[in-house]
Amino acid sequence: MAKILQNLASSFLILSIALSFLIVANAKPQRFTKYLSPATLGLKKEKLSHLHFYFHDIVSGKNPTAVRIARADMTNTSSTGFGMVAMIDDPLTMTPELSSKLVGRAQGIYASASQNDIGLLMTMNFVFMEGKYNGSTLSVLGRNSVFSTVREMPIVGGSGLFRFARGYAQASTHKFDRSTGDAVVEYNVYVFHY
């Protein structure tokens, strides 16, 4: 009886090892990444688009579109406003007049990030509400040296018709009201997308 049990145990062990090898050999490998053709996502030929609009940063009045949400202890004594953080929901219009056709909104945050000059860290989405780009967005992440004539910030992505977007935005101040702090900024955006 002991010999039979020993033979059964040996047979069971050999069978278990053989089955383990078969299972491992037939298992599909788990991969973190794989190559995809753009066509598998329905992407067609890449295009370059130019968008032109005006950004209205309103900090004054009863209905501001940019509000300060944080500041450092030193912000009020800093010549550059270093440490100030503002949340924005600024209108984007066709012409410099706020009453002109609304094409979207700039939604996000800007912060005073320089101790030596007026330099803002811009983290925002251009959310479009007009024409074929309605519901599509472009994401901006970059430095805005507000007193430079033309500032360039990278477009780091997008959604909707701007999936896989990359490019840059050029900003130039059209109008700045020193008494209120309100500004109108002209944007030219050049973006590759599918």
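This is a predicted model: local features need pLDDT of at least 70, side-chain atom pairs count only at pLDDT 80 or more; totals for chains, interfaces and linings use all residues.
**Exercise 1. The core**

Which residues of the largest nonpolar core touch the most other members?

*Solution.* 

Step 1. Start with the membership: the largest nonpolar core holds 29 residues. Those touching the most other members are Phe53, Phe55, Met124, Phe126, Leu138, Tyr187 and Val189.

Step 2. Now go through the elements.

Step 3. Look for the top contributor: that's strand 5, which gives five residues.

**Exercise 2. Around Phe55**

Pick out the residues in contact with Phe55, skipping its neighbours within four places in sequence.

*Solution.* 

Step 1. Read off the partners: Ile88, Asp90, Pro91, Leu92, Ala106, Met124, Phe126, Ala183, Val184, Val185 and Tyr187.

Step 2. Check that list against Exercise 1.

**Exercise 3. Salt bridges**

How many salt bridges are there? Take Glu46–Arg166, Asp89–Arg105 and Asp117–Arg143 and place each pair in the chain.

*Solution.* 

Step 1. The count is four. Keep the idea in mind that oppositely charged side chains can pair when their charged atoms come close.

Step 2. Take Glu46 and Arg166, whose closest N and O atoms are 2.3 Å apart. Glu46 belongs to the loop between helix 1 (2-26) and strand 1, while Arg166 is in strand 8, so this bridge links distant parts of the chain, 120 residues apart. Glu46 is partly exposed at 29% relative accessible area, and Arg166 is partly exposed too, at 41%.

Step 3. Next, Asp89 and Arg105 meet at 2.8 Å, N to O. Because Asp89 lies in strand 3 and Arg105 in strand 4, the pair ties together parts 16 residues apart in sequence. Asp89 comes out as partly exposed, with 32% relative accessibility.

Step 4. Finish with Asp117 and Arg143, where the closest N and O atoms are 2.9 Å apart. Asp117 is in the loop between strand 4 and strand 5, Arg143 is in strand 6, and the two are 26 residues apart.

Step 5. Are Asp117 and Arg143 buried, exposed or partly exposed? Buried would need under 20% and exposed over 50%. Asp117 has 34%, so it's partly exposed; Arg143, at 41%, is partly exposed as well.

Terms used. Residues are numbered from 1 along each chain as its sequence is written. Side-chain values use heavy atoms; hydrogens and water are left out. A nonpolar core is a set of buried Ala, Val, Leu, Ile, Met, Phe, Trp, Tyr and Cys residues joined through side-chain atoms within 4.5 Å. Buried means under 20% relative accessible area, exposed over 50%, partly exposed in between (1.4 Å probe, protein chains only). Helices (H or I, at least four residues) and strands (E, at least two) are DSSP runs, numbered from the N terminus. Contact means heavy atoms within 4.5 Å. A salt bridge is a side-chain nitrogen of Lys or Arg within 4 Å of a carboxyl oxygen of Asp or Glu.
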